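Welcome, and please take a look at the chain below.

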Amino acid sequence: MPTPGSAARASAEAAQEGNAQLGWLREHSELGVCVLLFALGVLVLTDAFTMSVDIAQRGPVGPRTVPFVIGGLFLLISVLLAGDVLRGGRGEAEGGEDVDLDEPADWRTVLLLTGVFLGAAVLIVPLGFPIAGALLFWGSAYALGSRHHGRDPLIAAGISLATYFVFDNLLGVPLPGGPLMGVL
């Protein structure tokens with residue numbers, strides 16, 4: 001027959017065991033990143049295996065190659081990281097940035113970047129990638145603090161045109177040209 005104190009002891013032992021398990025999970029929290037990387041690797045490989053490539057296959061290296069490499073690397077990194085964590089390896093706390101955690105978030109910058117991104121997404125079809133991309137790069141530079149009003153639009157236009165030519169001409173990925181289609 002259990003004594004009145006034995007139930008309290010059993011409850012205390014169960015609580016200590018639960019705290020020990022919770023402590024072990026806290027000490028090995030990087031395993032969550034391993035699980036996420038493994039799941040991403042499985043997802044990427046599953047999509048690569050189910051991808052139809054009949055139309056897009058142009059040579060020995062097809063559209064499945066990059067997903068196979070990326071998915072395999074996700075799996076490899078997750079297994080290597082899990083092994084390191086289980087052997088006692090720990091991620092280093094970031095000490096390189098001078099960030100004041102007591103300061104509030106810079107919502108102005110976040111909202112400006114969100115607006116620039118959404119604006120570029122809306123304008124890419126009617127204006128084409130070269131113009132929408134230039135607005136995206138210029139607006140992002142402005143939102144992040146650059147105030148060189150003469151230089152920034154020129155650099156943004158150059159990056160946008162270079163990106164357009166690389167994707168459209170070299171890689172064969174058609175991007176909308178918009179009104180500049182006949183000029184480019």
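Is Val 79 buried or exposed? With a relative accessible area of 53%, Val 79 is exposed, where buried means under 20%, exposed over 50% and partly exposed in between (1.4 Å probe, protein chains only). This is a predicted model, in which local features need pLDDT of at least 70 and side-chain atom pairs count only at pLDDT 80 or more. Residues are numbered from 1 along each chain, and side-chain values use heavy atoms, without hydrogens and water.

Val 79 sits in helix H3, and its C-alpha atom is 7.1 Å from that of Cys 34, 45 residues away along the chain. Helix H3 covers residues 65-86; helices here are DSSP runs of H or I with at least four residues. The axes of H3 and of helix H2 (residues 31-50) come within 8 Å and cross at roughly 160°. That makes the two helices roughly antiparallel (an angle over 145 degrees).

Ile 70 also belongs to H3 and is partly exposed at 37%. Together with Val 66, Val 69, Leu 73, Leu 76, Ile 77 and Leu 80, Ile 70 makes a nonpolar surface patch of about 620 Å². Such patches join nonpolar side chains within 5 Å, from residues with over 30% relative accessible area and no salt bridge.

Now for the charged pairs: the whole structure holds two salt bridges, each a side-chain nitrogen of Lys or Arg within 4 Å of a carboxyl oxygen of Asp or Glu.

| Salt bridge | Closest N and O atoms |
|---|---|
| Arg 87 and Asp 84 | 4.0 Å |
| Asp 152 and Arg 151 | 3.9 Å |

Arg 87 is exposed at 68%, whereas Asp 152 is buried at 9%.

Technical notes: Patches are made of residues with over 30% relative accessible area and no salt bridge: like charges are joined within 9 Å, nonpolar side chains (Val, Leu, Ile, Met, Phe, Trp, Tyr) within 5 Å. Accessible areas come from the Shrake-Rupley method with a 1.4 Å probe; for residues, only the protein chains shown count as cover. Axes are lines fitted to C-alpha atoms, for helices over the stretch in contact, and angles run from 0 to 180 degrees between N-to-C directions. Angles under 35 degrees count as roughly parallel, over 145 as roughly antiparallel, 65 to 115 as roughly perpendicular and the rest as oblique.
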